[in-house]
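Open the model in your viewer and keep the selection panel at hand. Each stop below says what to select and what is there.

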Amino acid sequence: MNTVQATNVTCPHCGRTNRVPVAAEGRPTCGNCKQPLPWMADAGDDDFTEVVEQATVPVVVDLWATWCGPCRMVSPALEKVATDLAGTIKLVKVDIDENPRLARRFEVQAVPTLLVLDKGQTIARQSGAAPAPALRRWVEQSIAGREPAGKG
């Protein structure tokens, strides 16, 4: 799937709005101040490979459901982590009800289920909601021993 989907992201440093593609090489930076931008996207059964597995940075995958209260609570915390770790990770949300193949592939038993993937391989997994500081520690510990990709 070769799409040119993008989301609008407001730079947390200068406030400028930037279009960030959901799938691209490297890391998104602000066109105005050149600082790293938070990279957040949605993915599904059809574009997961392009959006997640081909990413050049570690990807935090949030496997969630619209009916799940804890999922709605953890979403802002994950967005804060993605903003705090801009340039280091990508956050991708997957609605398991709309994407049953991914739910089966990752053997989702409870939501939210959070994964950290590096170069398409699962390097960490946890279920349940947690506050932003705990999620950030979990992500940082998960990616601490990985081989860094070249700056992009």
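Select helix H4, residues 132-143. This helix lies across S4, S6 and S7, and runs at about 155 degrees to S7. Angles here run from 0 to 180 degrees between N-to-C directions, with axes fitted to C-alpha atoms, for helices over the stretch in contact (heavy atoms within 4.5 Å). Helices (H or I, at least four residues) and strands (E, at least two) are DSSP runs, numbered from the N terminus.

This is a predicted model: local features need pLDDT of at least 70, side-chain atom pairs count only at pLDDT 80 or more, and totals for chains, interfaces and linings use all residues. Residues are numbered from 1 along each chain as its sequence is written, and side-chain values use heavy atoms, with hydrogens and water left out.

Next, show the sheet. Five strands form an open sheet in the order S3-S5-S4-S6-S7, with mixed pairing. Two strands pair if DSSP finds at least two bridges between them. S3 (40-42) and S7 stand at the edges, each with a single partner strand, so one side of each lacks a neighbour in the sheet. The twist averages 20 degrees from one strand to the next.

Move to S4, residues 59-64. Six bridges join S4 to S5 (residues 90-95), and these two run parallel. Pick Trp64: its bridge partner in S5 is Asp95.

Now select S6, residues 113-118. S4 and S6 run antiparallel, joined by five bridges. Asp62 stands opposite Leu114 in S6.

Follow S6 into S7, residues 121-127. The two pair antiparallel over six bridges, and Leu117 has Thr122 as its bridge partner in S7. They form a hairpin with two residues between them. Click Lys119 in the turn: its phi is positive, about 55 degrees.

Finish at the cysteines. Cys68 and Cys71 form a disulfide (a pair of cysteine sulfur atoms within 2.5 Å), with sulfurs 2.4 Å apart. The torsion about their S-S bond is about 85 degrees, so the disulfide is right-handed. Both Cys68 and Cys71 are buried. Cys11 is in no disulfide; the nearest cysteine sulfur, that of Cys33, is 3.6 Å away.

Technical notes:
Buried means under 20% relative accessible area, exposed over 50%, partly exposed in between (1.4 Å probe, protein chains only).
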